[in-house]
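Please look through the structure below before reading on. The paragraphs that follow go through it part by part.

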Amino acid sequence: MESALSNLLHEDRRFNPPPELAASANVTEAAYAQAEQDRLRFWEEQARRLSWSQPWHTTLIWKPPFAQWFVGGKLNVAYNCVDRHVEAGYGDHIAIHWEGEPGDTRSLSYAQLQQEVSKAAHALTSLGVHPGDRVMIYLPMIPEAAISMLACARIGAVHSVVFGGFSAQSLRSRANDAGAAVLITADGGFRRGSAHALKAIADEAVEGTGIETILVVRRTGQDVFWRAGRDIWWHDLVDAQSAEHAWQAFDAEHPLFILYTSGTTAEPKGILHTSGGYLTQVSYTHHAVFDHKADTDVYWCAADVGWITGHSYIVYGPLSNRVTQVMYEGAPDTPHQGRFWELIDKYRVSILYTAPTVIRTFMRWGEQLPAQYELSSLRVLGSVGEPINPEAWMWYREHVGRGRCPVVDTWWQTETGAIMISPLPGVSSTKPGSAQRALPGISADVVDETGNSVSYGEGGYLALTEPWPAMLRGIWGDAQRYQDTYWSRYAEQGYYFAGDGAKKDEDGDLWLLGRVDDVMNVSGHRISTTEVESALASHPAVAEAAVVGAHDCLTGQGIVGFVILRGEHDCGAAQVLLTQLRRHVTDQIGAIAKPRQLMVVPELPKTRSGKIMRRLLRDVADRRELGDVTALAEGGVMEMIRASVSVDSVAPSIPEPR
Ligand code: WT7
């Protein structure tokens, strides 16, 4: 059978778990077999990690594509993340070491967190928020972000966090879609040394929405517009409330949050998550994938609460496991490029979870920066958000983990709610760039167009073949889109279509290849942009690379690469270097992957969450007018790229015979 994707990249390096870690790992090899034997029983066991007010009577009701988990069970999510730890005698245990960008700090114990969440819960109730009502949250990375989310959970309200980098229009359309009446924001937040306004954006956003109240945290002290009767300071309302709050239990399927994410259309999708199944899986995966030990570990997930990573691996998963965690407000290069390493040293961080784009940025800044810091507290390193190229993986392992720490590449999505595919740090022999295998209790496969499982060594589409506890329960207000987007492609099999390309290697391990929309077709060969990017980035002169498939009248698509060179390589020598790079890709992957064109650029266009906007690069490659640039994090980057494409190298496109 012909493989759906060319199987091109070869990676032979393997790293076994450190013996001490393996010996005391939270989860061992046996978990896979146990889950295999009885998947539902396995998840029932994990659900018992939580405290339930009423046990469930049915573990799963699955009427594709609608799932209900732990039916009949009742629990309170905030109680599980906060109060029960206080009751167990850990009131003084630090939950959050918060570090503001300017260097101000706050540490919150579980007892303090319980008081803050209780007060905020009373405050929301006093504003007329009832169970099931939606509350918008538009905050910087300050403790009030987590407190607000937990306060909503405590009273059964549904939060919808919007990342602080989104515009007024994005916030407005989300508030409208969610039908929210309350918005929690701040005067502003600190980013790259300055105070950026949030309240001003919120003021603009709420016009024409159903938002009646804006609760405002004072963070920066900057001037804000104030509308009496609508705007209330957090310190006036919340601080005046009682610090004792009697929680009530909600159904396992009670909605917990809506989080908007981009799809293929202009309208973002409101991904809906519920309570019992979601908390079960984020709790279990945080325990298993990071080997988290509450008494000794210090954990840091360097994401923003505005993304699913912040929901699942800053707030719900870690706090359910009585984490001590670092929460950082600002940018990695403020006030200096060693800030992350300084924080790791200061708090003795033992588990770090960040994104490949951040790791590659650190690579550009140079290994001398992490080298100046101790970092000996680190023991597990995680990656999430995009495929991690073996070069970045190895750099992370060597220069951050000093060769001692397992690197876990975790694949999941806003929709999956929790980690689905990842090595286990005490079990897996890791391979640089591979997310390896579905976690215990999770069923994933790589399938072809028709939904048939591909053989070992072949590529195709990633499908999730059984429902999982943290799965999305739908798209808010649009059941049809839910069905169409995720479940129509493999309707016959009842599989979830993830939208990612993947490869199953000779051992059956999975390699994620990026969104299938980013898969190129060159002379009939399907080649992932990720594979070519990875090959380019493995050259010592390259700091970062992005690849797109441009139109080509001869070969269908031609591969066009945009590369950022490392500091010491200047553009003067670029022509020679680009010829070398093209040969390098040919050496790494094969002649069919040889880029048609390579361009040296100073920056790559990225969204605020750090994803490369290949669509814009395709416009440049095809020499078209630029499409919609509103999602760009830095507005001027496309002009910089356009201005620099004079330094490029074009090879004649010669179709390779199949
Ligand atoms: C998409 C989901 C999961 C939280 C952050 C992103 C890509 C995510 C990996 C990984 C390769 C990855 C996929 C996925 N992705 N993690 N470890 N390896 N690709 O959440 O914004 O919902 O994006 O991110 O393409 O479909 P998201």
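Leu375 lies in the loop between helix H14 (368–371) and strand E19 (380–384). Helices (H or I, at least four residues) and strands (E, at least two) are DSSP runs, numbered from the N terminus. Leu375 has a positive phi of about 60° although it is not a glycine. With a relative accessible area of 0%, Leu375 is buried; buried means under 20% relative accessible area, exposed over 50%, and partly exposed in between (1.4 Å probe, protein chains only).

The model is a predicted one, in which local features need pLDDT of at least 70 and side-chain atom pairs count only at pLDDT 80 or more, while totals for chains, interfaces and linings use all residues. Residues are numbered from 1 along each chain as its sequence is written, and side-chain values use heavy atoms, with hydrogens and water left out.

How far does the predictor trust the chain? pLDDT is the predictor's confidence in each residue, from 0 to 100. The chain has a mean pLDDT of 91, and 92% of its residues reach 70 or more. Confidence is highest in H6, at 99, and lowest in strand E31 (residues 648–650), at a mean of 50. Over residues 1–8 pLDDT stays under 50, and the model has 29 contacts beyond four places in sequence for them. Contact means heavy atoms within 4.5 Å.

The interior comes next. A nonpolar core is a set of buried Ala, Val, Leu, Ile, Met, Phe, Trp, Tyr and Cys residues joined through side-chain atoms within 4.5 Å. The largest nonpolar core has 136 residues, and Tyr313 and Tyr316 have the most contacts inside it. Helix H6 (residues 143–155) gives the most to this core, with nine residues. A second, separate core has 32 residues, including Phe15, Trp300, Ala355 and Leu375.

In helix H3 (residues 39–47), the buried residues are Arg39, Phe42, Trp43, Glu44, Gln46 and Ala47. Helix H2 (30–37), E1, E2 and helix H10 (276–289) are among the elements that cover them. Ser320 belongs to helix H11 (residues 308–320). Ser320 counts as buried because its relative accessibility is 3%. Apart from neighbours within four places in sequence, Ser320 is in contact with Asn80, Cys81, Arg84, His85, Leu279 and Ser283.

Aromatic rings form another set of features. Rings of Phe, Tyr and Trp (its six-membered ring) pair if their centres lie within 6.5 Å; planes under 30 degrees apart count as stacked, over 60 as edge-to-face and the rest as tilted. A search of the whole structure finds 36 aromatic pairs. In one of these, the ring centres of Tyr490 and Phe497 are 6.0 Å apart and the planes are at 70°, so the pair is edge-to-face. Tyr490 is buried at 1% relative accessibility, and Phe497 is buried with a relative accessible area of 11%. Ring pairs also link Trp62, Phe66, Trp468, Tyr482, Tyr486, Trp487 and Tyr496 into a cluster.

Some rings have a charge over them, which requires NZ of Lys or CZ of Arg to be within 6 Å of the ring centre and within 35 degrees of the ring normal. The charged end of Arg322 sits over the ring of Tyr90, 3.4 Å from its centre. For Arg437, the charged end sits over the ring of Tyr32, 3.6 Å from the ring centre.

The last features concern the backbone. Most residues other than glycine have a negative phi, and most peptide bonds are trans. Arg192, in the loop between strand E9 (188–191) and strand E10 (194–197), has a positive phi near 50°. Arg192 is partly exposed, with a relative accessible area of 46%. A cis peptide bond with omega of about 0° joins Pro64 and Pro65, and Pro65 lies in the loop between strand E1 (58–63) and strand E2 (66–71). Another cis bond, with omega near 0°, runs from Thr334 to Pro335. Pro335 is in the loop between strand E17 (325–328) and helix H12 (339–347).

Strands E4 (residues 94–99) and E5 (residues 105–109) run antiparallel and are joined by five bridges; two strands pair if DSSP finds at least two bridges between them. Ile94 stands opposite Ser109 in E5. The hairpin of E4 and E5 has five residues between the strands, and Gly103 there takes a positive phi near 105°.
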